[in-house]
Amino acid sequence: MHRVLKSGGTLAIYDVLAGPSGPVLFPVPWARTPDASFLVQPTELLNLLTEAGFRVTDWSDTTEAARAWFVSLAEKIQKNGLPPLGFHVLLGADFQTMAQNQGRNLQEGRIVLGQVVARK
């Protein structure tokens, strides 16, 4: 990313990162098995960006907001069922398990979410 971004350009990342509480439960939306998942800890992402030459200007942990969103989503699905269109259409038959694991991973601190802005 650093190689192709113009000098003075901005990089914005919103990503799932490895949490402090243990291994991720699979399947999840980005990987069905551990060998297809490459999460890094927040400190590792910060180091990777800095080593690549980026200057991180903003870092926000959005995990709590994601937890609240997942609780709200689960309540809506329980009350109304799945909508005609949504992630479940793209993710297929494993969607329910993926969503449950995603929520549990968030609740148990196995994953965290980060919003990062960096400048070249």
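Predicted model: local features only at pLDDT ≥ 70, side-chain atom pairs only at ≥ 80, totals over all residues.
**Exercise 1: the aromatic pair**

Find the aromatic pair in this structure and decide how its rings are arranged.

*Solution.* Start with the count: the structure holds one aromatic pair. Its partners are W69 and F70, with ring centres 5.2 Å apart and planes at 85 degrees. Planes over 60 degrees apart count as edge-to-face, so W69 and F70 form an edge-to-face pair. Next, look at how open each partner is. W69 has a relative accessible area of 46% and is partly exposed. F70 has 18% relative accessibility; buried means under 20%, so F70 counts as buried.

**Exercise 2: the largest nonpolar core**

Work out which elements give two or more residues to the largest nonpolar core.

*Solution.* First list the members. Ten residues make up this core: L11, I13, L17, V40, L45, L49, F54, V112, V116 and A118. Now zoom in on one member of the largest core, L45. Once neighbours within four places in sequence are set aside, L45 is in contact with L17, V40, W59 and V116.

**Exercise 3: the surroundings of T63**

Is T63 buried or exposed, and what does its side chain reach?

*Solution.* Begin by placing the residue: T63 belongs to helix α2, which covers residues 63-80. Its relative accessibility is 3%, so T63 counts as buried. Not counting residues up to four places away in sequence, T63 touches L106, I111, V112 and L113. With L113 there is a further detail: the T63 side chain reaches the backbone nitrogen of L113 at 2.9 Å.

**Exercise 4: salt bridges**

Trace the salt bridges of R67 and of E108, and say which residues are joined into one network.

*Solution.* A search of the whole structure gives four salt bridges. Take R67 to begin with. R67 pairs with E64, and their closest N and O atoms are 2.2 Å apart. Both residues lie in helix α2, three residues apart, about one turn of the helix. R67 is buried at 18% relative accessibility, whereas E64 is exposed at 54%.

Now turn to E108, which is partly exposed at 31%. E108 meets R104 in a salt bridge of 2.6 Å, N to O. E108 also meets R110, again at 2.6 Å, N to O. R104 is partly exposed at 43%, while R110 counts as buried at 15%. Through shared partners, these salt bridges join R104, E108 and R110 into one network.

Key: Residues numbered from 1 in each chain as written. Heavy atoms only, no water. Phe/Tyr/Trp six-rings, centres within 6.5 Å; stacked < 30°, edge-to-face > 60°. Buried < 20%, exposed > 50% of the residue type's maximum accessible area, 1.4 Å probe, protein only. Core = buried A, V, L, I, M, F, W, Y, C linked by side-chain atoms within 4.5 Å. Contact = heavy atoms within 4.5 Å. Helix = DSSP H or I, 4+ residues; strand = E, 2+ residues; numbered from the N terminus. Polar contact = N/O pair within 3.5 Å; in protein donor to acceptor, adjacent residues only side chain to side chain. Salt bridge = Lys/Arg side-chain N within 4 Å of Asp/Glu carboxyl O.
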